[in-house]
Amino acid sequence: MSIARTLILKISDNTWLREHGTRIGFVRRAVSRFMPGETFDDMLGAARALEASGIASVFTRLGENVRDRAEADAVAAHYLDGIARIRTLGISCEPSIKLTQLGLDIDPALAWTHALALAQAASAAGSYFWVDMEQSPYVDRTLGLVRRLRDEVPQVGVCLQAYLRRTPADLADMQARGIGVRLVKGAYNEPADVAWPQKSDVDAQYAELAYRMISVEGRAAGSRAVFGTHDLTIVEQIRARAAATDVPPAAYEFHMLYGIQREGQLRLSRERAIVRILIAYGDYWFPWYMRRLAERPANVGFVIRSLFSR
Ligand SMILES: Cc1cc2nc3c(=O)[nH]c(=O)nc-3n(C[C@H](O)[C@H](O)[C@H](O)COP(=O)(O)OP(=O)(O)OC[C@H]3O[C@@H](n4cnc5c(N)ncnc54)[C@H](O)[C@@H]3O)c2cc1C
């Protein structure tokens, strides 16, 4: 792992900066590249603009490691309201949540109650329900809860991280249960016994798992195959493998983050690939934004430029 990535991810864990970083003007300007705004309406505006260009979306309100029951309740109420508003508008915009935002650190039963209510509301609105993956100590609890959700609602999916050594086994389990998988490389600082430290190994495991996801056996139980990546080389490898093995473009999807690889998003959509954009919003964006910087330390240049712009 590069020194710059490790350093930026350590800054993302700094409590003082988490609380104060979002108030620094030039940091706020720099983040606007990845976030249409802090409110649900800002997110909706971006989702509607994307929909007009034929691209559907996923929404997530930024926040994690909620420590207070009332806050977890408020987050759940916010998502319930958001799901209802999206249903009324009739746009395709799927919720994606972090379990620690629904109270997993406080009480697993609380997170379960909220997650179930949200998954049921999404299902009633005809929408899929996504669960993000956080740091490695949360993986077992996240997958356990997602398995239980799958017993209650059919349209549920979870993010799996290709950098984790355990992911091939987790993928097989999710596929066998017909749980959707959004495969990503992984955004956190993880120890080498848990995650592949070399990017080349992560990329190789990503491609290998992606091929399993598009295979006929991988899709047999109805698991939705989603690739959450901006790596256009891997994207083209997946499309080429799919074409060579007669897997139709409708059988898999690419999800990207708002503001990253915009040209690539539009090109894929023009070429009839299924593309969705994950739009994040909210005021608790500092650690999330630091993870975006860590993915591409060259982004720090944008922060420095916004220091001098008005
Ligand atoms: C839809 C979606 C959902 C996600 N959900 C989770 C989750 O639940 N848990 C989790 O751990 N991680 C999640 N991630 C983040 C993911 O783990 C990676 O950290 C992130 O996607 C960067 O990896 P990459 O696959 O794009 O490949 P990389 O090899 O990192 O990047 C490939 C290329 O994409 C471009 N790029 C990548 N990132 C950036 C950036 N920040 N700014 C500008 N250009 C960039 C660059 O051109 C780079 O060369 C999610 C990502 C996406 C797209």
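Trainee: In which loop does Asn65 lie?

Mentor: Asn65 lies in the loop between strand S1 (56–61) and helix H5 (69–89). Helices (H or I, at least four residues) and strands (E, at least two) are DSSP runs, numbered from the N terminus. Residue numbers start from 1 along each chain, as its sequence is written. The model is predicted: local features need pLDDT of at least 70, side-chain atom pairs count only at pLDDT 80 or more, and totals for chains, interfaces and linings use all residues.

Trainee: Why is Asn65 called partly exposed?

Mentor: A residue is buried if 20 or more other C-beta atoms, placed from the backbone, lie within 10 Å of its own C-beta atom, exposed if 12 or fewer do, and partly exposed in between. Asn65 has 15 other C-beta atoms within 10 Å, so it is partly exposed. Its phi, near 50 degrees, is a positive value in a residue other than glycine.

Trainee: What makes Asp246 exposed?

Mentor: Asp246 has 8 C-beta neighbours inside 10 Å and therefore counts as exposed. This residue is found in the loop between helix H11 and strand S7. Asp246 is not a glycine, yet its phi is positive, about 60 degrees.

Trainee: Why is Tyr163 called buried?

Mentor: Tyr163 has 24 other C-beta atoms within 10 Å, so it is buried. The loop between strand S4 and helix H8 contains Tyr163. Its C-alpha atom is separated by 8.4 Å from that of Val184, which is 21 residues away along the chain.

Trainee: What makes S4 mostly covered?

Mentor: Six of the six residues of S4 are buried. Val156, Val158 and Leu160 point one way, while Gly157, Cys159 and Gln161 point the other way.

Trainee: Which strands pair with S4?

Mentor: Two strands pair if DSSP finds at least two bridges between them. Three bridges join strand S3 (residues 129–131) to S4 in the parallel sense, and five join S4 to strand S5, also in parallel. Both counts meet the limit, so both are pairs. Phe129 has Val156 in S4 as its bridge partner, and Leu160 has Leu183 in S5.

Trainee: What makes the crossover from S4 to S5 right-handed?

Mentor: A crossover is right-handed if, with the strands pointing away from the viewer, the path from the first strand over the helix to the second runs clockwise. Here the chain crosses from S4 through helix H8 (residues 167–176) to S5, and this β-α-β crossover is right-handed. S6, helix H11 (residues 232–244) and S7 also make a right-handed β-α-β unit.

Trainee: Which strands does S6 join through bridges?

Mentor: S6 (residues 225–228) is joined to S5 (residues 180–184) by three bridges and to S7 (residues 252–257) by four; each pair runs parallel. Phe227 in S6 stands opposite Leu183 and has Phe254 in S7 as its bridge partner. Ala225 and Phe227 point one way from S6, Val226 and Gly228 the other way, and all are buried.

Trainee: How many residues surround the ligand?

Mentor: There are 24, and the closest are Asp132, Val184, Gly228, Thr229 and His230. A residue is near a molecule if its C-beta atom, placed from the backbone, lies within 6 Å of it. S7 gives the most to this shell, with three residues.

Trainee: How many residues of the shell are nonpolar, polar and charged?

Mentor: Ala, Val, Leu, Ile, Met, Phe, Trp, Tyr, Cys and Pro count as nonpolar, Asp, Glu, Lys and Arg as charged, and the others, Gly among them, as polar. The shell accordingly divides into nine nonpolar, eight polar and seven charged residues.

Trainee: Why does the span of H4 agree with its 13 residues?

Mentor: The expected span of a helix is 1.5 Å times one less than its number of residues. For H4 (residues 40–52) this gives 18 Å, and the end C-alpha atoms are 18 Å apart, so the values agree.

Trainee: What puts the buried residues of H4 on the same side?

Mentor: The buried residues are Met43, Leu44, Ala46, Ala47 and Leu50. They cover an arc of only 165 degrees around the axis, which puts them on the same side of H4. The arc is that of the directions from the helix axis to the C-beta atoms. Asp41, Ala49 and Ala52 are exposed on the other side. An α-helix has 3.6 residues a turn, so residues three or four places apart point the same way.
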